[in-house]
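Work through the exercises below with the sequence and the structure at hand. Each task is followed by a stepwise solution.

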Amino acid sequence: MENSVSFKNINKIAIPAIIAGIAEPLISLTDIAVIGNVDENSIEALAAAGIVGSFLSAIIWIVAQTKTAISAIVSQHLGANRLHAVKTLIPQAIAFNFIFSLVIYATTAFFAKAIFSAYNAEGLILQYSEDYYQIRALGYPITLVTFAIFGIFRGLQNTLWAMKCSLTGAAVNVVLDYLLVYGVDGLIPPLHLKGAAYASLAAQGTMLVMALWFFFKKTPFHLKLSFNINPRMRGLLIMAANLFVRTAALNFAIYLANAYATDYGKNYIAAQSILMNIWLFFSFFIDGYANAGNAIGGKLLGAHDYKNLWELSKKISKYAVMIALILMSLCAILYDQIGLLFNKEASVLAIFSSVFWIVLLMQPVNAIAFMFDGIFKGLGEAKYLRNVLLVATFLGFTPALLISDHFGLKLYGIWIAFFVWMLIRSSTLVIYFRRKYLQKDV
């Protein structure tokens, strides 16, 4: 087990996970950048893409928590040399994800107008949001099955396969974004926002096809369903349910932020869309090391190797903070140029530039929170993660946002509230981990 927490082994999992992780927000960032530079109604289209993107992320993050649960169970059984015990669990978990995704589609696609009205969208922004979502929502079954398979790969300590799938999907999205949004003279009419939605759908389909190929060719599992429910299915669903609640609280914070930003005006929600998507991009980037913590942590727990578990927490935290500092430095150097990638409207850029420094300043704190999130998921500590997010959201973020709004801080207040949120998450996880797992190493 010594090699499990070596620099080489951690990065063997983390670096492909970083690349795979940033591919998903890169799809949204590409949509935002391409749409934000369309001449006609670019601010309204950018605002709609940001609102829908946030809602899609909320739904996918919530229902895709089975990916994390699958990864934790597979990695723990790998560490205990008992993979044979979860062979019937895998197809059952994938089938659950597929059926659940159909339910999500049926309960949201037909109520898109009401959903985005709740985000304070109206007029052209509401119309664009509804049209964009109706197409993007078709990707739920594709994405959730793909994520379940990615969870299996991570549990097997392999993030390279997911990286290859995600990179190919991102490349497909970039090419199709330009072709479908702007059109090609005499061949393809410009589809604007709908074109971006179709491009994303094609990218998701590409990733699923590749993921299935790796699943059948490279893993010891199959998709043959057994009518005898695997005894570990109950534990997987309980873990996933706790993570559902946790992620619902997380996305409530994001929803509240976007609802307030929309209420401040179209320039504010356009700037907030850029800020939020950059924040998500950074989060997925840093999350590569959290994925390593998830996969290796579960394996070490299965082997009862608490000494290396403690070493793992220190090493991946150090690497993640270094990544965060590098990202901060690059963005500080290119501070003004970054906003121009997404929109040329002076009023939007002025709002963006005035708040972006807060997003940068919080990155090291984010890094610590994400690292311990990943480790705790691998250890199966879903209940504690749930409780931390509920406290951070309803006793930290929400009061901070309401107080900031009362004093008219607008986007400043939104990102101050996010900073408070992340400080609570990071500090509580570090303290609990030290108390519970450090003493087991003694």
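Predicted model: local features only at pLDDT ≥ 70, side-chain atom pairs only at ≥ 80, totals over all residues.

**Exercise 1.** Determine which accessibility class H192 falls into.

*Solution.* Step 1: H192 belongs to helix α9 (residues 192-218). Step 2: its relative accessibility is 32%. Step 3: this value lies between the cut-offs of 20% and 50%, so H192 is partly exposed. Step 4: phi of H192 is also positive, near 55°, in a residue other than glycine.

**Exercise 2.** Describe the lining of the largest pocket by class and by element.

*Solution.* Step 1: the volume of the largest pocket is about 350 Å³. Step 2: its lining has 14 residues, and F281, C331, I338, L341 and F342 lie nearest the centre. Step 3: sorted by class, 13 are nonpolar, 1 is polar and none is charged. Step 4: at least two lining residues come from each of α1 (7-36), α11 (266-302), α12 (306-333) and α13 (335-340).

**Exercise 3.** Locate the nonpolar surface patch that includes L409.

*Solution.* Step 1: the patch consists of W357, L361, I403, F407, L409, Y412 and I416, together about 690 Å² of accessible area. Step 2: α14 (346-361) and α17 (411-441) are the elements giving two or more residues to this patch. Step 3: L409 lies in the loop between α16 (382-406) and α17, and is partly exposed at 33% relative accessible area.

Conventions. Residues numbered from 1 in each chain as written. Heavy atoms only, no water. Patch = residues over 30% accessible without salt bridge, like charges linked within 9 Å, V, L, I, M, F, W, Y side chains within 5 Å. Areas by Shrake-Rupley, 256 points an atom, 1.4 Å probe, with all protein chains shown as cover. Salt bridge = Lys/Arg side-chain N within 4 Å of Asp/Glu carboxyl O. Helix = DSSP H or I, 4+ residues; strand = E, 2+ residues; numbered from the N terminus. Buried < 20%, exposed > 50% of the residue type's maximum accessible area, 1.4 Å probe, protein only. 1 Å grid on protein atoms, 1.4 Å probe; cavity = no way out; pocket = protein on both sides within 12 Å on 5 of 7 lines; lining within 4 Å. Points joined across faces, edges and corners; volume = space filled by probe spheres on them. Nonpolar A, V, L, I, M, F, W, Y, C, P; charged D, E, K, R; others polar.
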